[in-house]
Amino acid sequence: MGGFWITVKLTSFALLGGIPLGILVGLGRISKKKWVYYPVTFYVNLIRNIPLILVIFWFYFVMPIIVGRPLDPFPSAVISFIIFEATYFGEILRAGYQSVSKGQIEAGYSTGLTYVQTTRYILIPIAIRRMLPSMITQSIVTYQDTCLAFVIGLPEFVRRTTIVDNIEVRSIQLFGFVAILFLITCYISSVVSRRFEVKRERGY
Amino acid sequence: MIEIRDLSKWYGDFQVLRNINEEIKQGQTVVVCGPSGSGKSTLLRCINGLEPFQEGEVIVDGVSVGDRSTNLYKLRTEIGMVFQRFELYPHMTALQNITLAPMKVRNKSKKEAEDKAMELLRRVGIPEKAHEYPANLSGGQQQRVAIARSLAMEPKIMMFDEPTSALDPEMIKEVLDVMIDLSKGGMTMIVVTHEMGFAREVADEIIFMDEGKIIERGTDISFFKNPKNPRTKEFLDKILL
């Protein structure tokens, strides 16, 4: 059960770091300044085209060479996840921003709203409502992906279960329990997410 | 009310507006027609400063739109605009769509803004839809809410950019009726439309644009019968089928 706690902690840190960094990445992706847009786009394309497991692996084995000392698996995994998830959250943010029609913004301007007012009352609320379902989905995916941290020996839930299994040899019960726990937690989250989507179909 | 002098605009190398001259007096309704890409929408957007222009002058109610010192936000409170695709805010009810700008820009109280909004919704014929979201309204209803939203700022001028082009035929009339009422009530209006019935009924002047130029103008139905320019005739034949 201690492994489950590590999984939850890893997910929380990954989201707490990944979402704010993702916001910055998203802003970079919609920036008109070329020196912001191109580096950020390069980062996003690079990371999104590498499997997560490789990012974790690489970070764990390459960073010590750069920093000069070995890293603990946990902080290393957290940072890998933040770097990886930020690109996805950034893309969700960009898509949400771009889904707001230019006409709706202009409608705001044409009634005399200022730039700040238009952004505050029209752009941001619409974009957030469009983004929420994919944000929640991505958070669930992050939670499930935390298992991949086993490659660097992090004793998260699945890894811990493997260890117990090696001692007790009750694979079906043990992994069945892990699966059920994942199933329950993910199902609850997706129910929450679906409520937002239903609301959206109703026209917010 | 609106004076346009030698207005020219380019998108990069492409000239969208060529030496437009036009004067619109208070209470007049001017209908602008012409093929797509002829610069009609761009002309409207230059008048309320949504698009910058490179040459010429646009003066609205004594204020020069192109002047750097002009407060465009303030200017736009005087000019209502209605779009082809309605552009209602999808996360707000009809009522909230209408009250947003009066509350934020004119600092009206919620009650005051809502009373005014309800009055406008009655005027456009859909007071019962006040608490519906745009997604639950038909196109014609959405467009009438959009008109009410513009009117809530009590503008001196109303601009319509193909307000019925995205509507099903049976809804066009309900929107046109609202516009005809407005025009007869003395509102200064610029309307980009191909609804010639509307033009016949209320237009004080009809302008025909092609390739960024005004190539024909007339004050009444004679414009339709014997256009001077062959390009106009060709176009009118198409839309009057």
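User: In what order do the six strands of the open sheet in chain B stand?
Analyst: This is a predicted model, in which local features need pLDDT of at least 70, side-chain atom pairs count only at pLDDT 80 or more, and totals for chains, interfaces and linings use all residues. Residues are numbered from 1 along each chain as its sequence is written, chains are lettered from A and ligands numbered from 1 in the order in which they are written, and side-chain values use heavy atoms, with hydrogens and water left out. Strands (E, at least two residues) and helices (H or I, at least four) are DSSP runs numbered from the N terminus, and two strands pair if DSSP finds at least two bridges between them. The pairing in this sheet is mixed, and the order is β6-β7-β8-β3-β9-β10.

User: Which strands of chain B stand at the edges of this sheet?
Analyst: Strands of a sheet pair through backbone hydrogen bonds, either parallel or antiparallel. An edge strand here has a single partner, so one side of it is left without a neighbour in the sheet. The strands in that position are β6 (79–82) and β10 (213–218) of chain B.

User: Which residue is the bridge partner of B:Val30 in β8(B)?
Analyst: Strand β3 (residues 29–33) and strand β8 (residues 188–192) of chain B pair in the parallel sense over four bridges. In β8(B), the partner of B:Val30 is B:Ile190.

User: Is β7(B) largely enclosed or left open by the rest of the structure?
Analyst: Buried means under 20% relative accessible area, exposed over 50%, and partly exposed in between, with a 1.4 Å probe and protein chains only. B:Ile157, B:Met159 and B:Asp161 point one way from β7(B), while B:Met158 and B:Phe160 point the other way. Five of the five residues of β7(B) are buried, so this strand is largely enclosed.

User: What is the handedness of the crossover from β7(B) to β8(B)?
Analyst: Five bridges join β7(B) to β8(B), which run parallel, and B:Ile157 stands opposite B:Thr188 in β8(B). The chain passes from β7(B) through α6(B) to β8(B). A crossover is called right-handed if, with the strands pointing away from the viewer, the path from the first strand over the helix to the second runs clockwise. This β-α-β crossover is right-handed.

User: At about what angle does helix α1 of chain B run to β7(B)?
Analyst: Axes are lines fitted to C-alpha atoms, for helices over the stretch in contact, and angles run from 0 to 180 degrees between N-to-C directions. Helix α1 (residues 40–47) lies across β3, β6, β7 (157–161), β8 and β9 (205–210) of chain B. Its angle to β7(B) is about 150°.

User: Which residues touch the most other members of the largest nonpolar core?
Analyst: A nonpolar core is a set of buried Ala, Val, Leu, Ile, Met, Phe, Trp, Tyr and Cys residues joined through side-chain atoms within 4.5 Å. Helix α6 (residues 115–145) of chain A gives the most to this core, with six residues. Of its 47 residues, those touching the most other members are B:Leu7, B:Ile47 and B:Val60.

User: How many helices are there in chain A?
Analyst: From the N terminus on, the elements of chain A run α-α-α-α-α-α-α-α. Chain A has zero strands, and its helices number eight.

User: What share of the residues of chain A count as buried?
Analyst: The C-alpha trace of chain A spans about 70 × 45 × 20 Å along its principal axes. Of the 204 residues of this chain, the share counted as buried is 45%.

Technical notes: Contact = heavy atoms within 4.5 Å.
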